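Here's a quick walk through the model, written for someone who likes cut-offs spelled out. Have a look at the structure first, then read on.

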Amino acid sequence: MPSSSRIVDRALSGIERGKGISRATALSLVRAPLGDLLRGAEALRKRRSGGRVALCAIMNARSGLCGEDCAFCAQSSRRATGAPIYPMRGVKEILAASQRARAAGAARFGIVASGRAAAPGDLEIVCAAVKAIRRAGRIAPCASLGALDERAAGRLKRAGLSHYHHNLETSAGFFPSLCTTHRWADRVRTVRAARRAGLRACSGGIFGAGETWGDRVELALALRRLGVDSVPINFLMPVPGTPLAGARPLGAREALRIIALFRFILPLAEIRVAAGRGTVLGEGQGAIFAAGADAMMIGD
């Protein structure tokens, strides 16, 4: 059996030749020494983006009263979490938030809304806000509005939307442990609808919810098959009142291994570290770049 360092080097060599790593190779990387894995992931990051780091920010434009039962989420109407509740914000408020994000250094601004899918009136507001952000310039508008069909995605594209965000969250096999009110396949359908409409796809997952390394590898491979452009990596922050309130946060070394693994499986995508970064990594957050990340979320 080849040594762990040789497994990393062989994976790197295959990627350099334009070959994606296999599921078996990905699982072998899970067992590689962390130092070797980080060395390879950092080399892939430098090859893709050099020293550049892409920053994005979001606005929680509609909050609470979601009818879904996602086990990690504070905004479900099925949980008593004390999360804020308010309807879709207006165009002027969304535009002002986008300009604050630009002043903070973000290149992309996401309009995020709770709920299974956007109501027609909310979609109108978001389209108008996207147009206003485009007119103001200097930051690219994105959106995360839940389930989406190709017609709605086309409207957002014509308004000037850049990316559509919709996480797969985890593997198909583990997804029912996180949500029972819709299917993993529904999420895949939304990502495909966004891509067919000409939008760039932003899709990733949440880690530390009880999934296995096999689930993590399966998620990354699914995202690769979908051809997503940006992959948000979120670490679970247990919220009181949710089914995962008692979950133990991941350790820093495990979090870095997850980032590096996704860089190997998705060498051409942005690897964007988002929720839970401070909780899991604390003062060592800068290590995400050594692990292969080349993007991060700031702000709200």
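## Asp122 and its surroundings

Skipping neighbours within four places in sequence, Asp122 is in contact with Arg62 and Met88 (contact means heavy atoms within 4.5 Å). Asp122 belongs to helix H5, residues 120-136. Helices here are DSSP runs of H or I with at least four residues, strands are runs of E with at least two, and both are numbered from the N terminus. With a relative accessibility of 13%, Asp122 counts as buried; the cut-offs are under 20% relative accessible area for buried, over 50% for exposed, and partly exposed in between, using a 1.4 Å probe and protein chains only.

Some ground rules: this is a predicted model, where local features need pLDDT of at least 70 and side-chain atom pairs count only at pLDDT 80 or more, while totals for chains, interfaces and linings use all residues. Residues are numbered from 1 along each chain as its sequence is written, and side-chain values use heavy atoms, leaving out hydrogens and water.

Helix H3 covers residues 34-49, and at 1.5 Å a residue its 16 residues should span 22 Å; the end C-alpha atoms are 22 Å apart, which agrees. The expected span is 1.5 Å times one less than the number of residues. Buried residues of H3 include Leu34, Leu37, Leu38, Ala41 and Leu44, and Asp36 and Arg45 are also on that list.

## Strands in parallel

Strand S9 (residues 295-298) pairs with strand S1 (residues 54-62) in the parallel sense, over four bridges; a pair needs at least two DSSP bridges between the strands. In this pairing, Ala57 stands opposite Ile298 in S9. S9 also pairs in the parallel sense with strand S8 (residues 270-273), over two bridges. There, Arg272 is opposite Ala295 in S9.

## Nonpolar cores

How many residues does the largest nonpolar core have? The count is 61, and the residues with the most contacts inside it are Leu168, Phe235, Ile259, Phe262, Phe264, Ile265 and Leu266. A nonpolar core here is a set of buried Ala, Val, Leu, Ile, Met, Phe, Trp, Tyr and Cys residues joined through side-chain atoms within 4.5 Å. H10 supplies the largest share of this core, nine residues. Apart from it lies another core, of 31 residues, including Ile133, Ala143, Ala152 and Ala153.

Beyond four places in sequence, Phe235 is in contact with, among others, Phe207, Leu250, Ile258, Ile259, Val273 and Val280.

## Rings and charges

Rings of Phe, Tyr and Trp (its six-membered ring) pair if their centres lie within 6.5 Å, with planes under 30 degrees apart called stacked, over 60 edge-to-face, and the rest tilted. By this rule there is one aromatic pair. The ring centres of Phe207 and Phe262 are 5.4 Å apart and their planes are at 80 degrees, so the pair is edge-to-face. Phe207 is in strand S6 (residues 205-207) and Phe262 in helix H10, so the pair ties together parts 55 residues apart in sequence. Phe207 and Phe262 are both buried.

A charge sits over a ring if NZ of Lys or CZ of Arg is within 6 Å of the ring centre and within 35 degrees of the ring normal. Arg89 lies over the face of Tyr86, at 3.7 Å from the ring centre, and Arg216 does likewise over Trp213, at 4.5 Å.

Arg248 is in the loop between strand S7 (230-235) and helix H10 (252-265), and counts as exposed at 75% relative accessibility. Thr279, in helix H11 (residues 277-281), is partly exposed at 46% relative accessibility. Leaving aside neighbours within four places, Thr279 is in contact with Met237 and Pro249.

Thr81 sits in the loop between S1 and helix H4 (91-103) and is partly exposed, with a relative accessible area of 22%.
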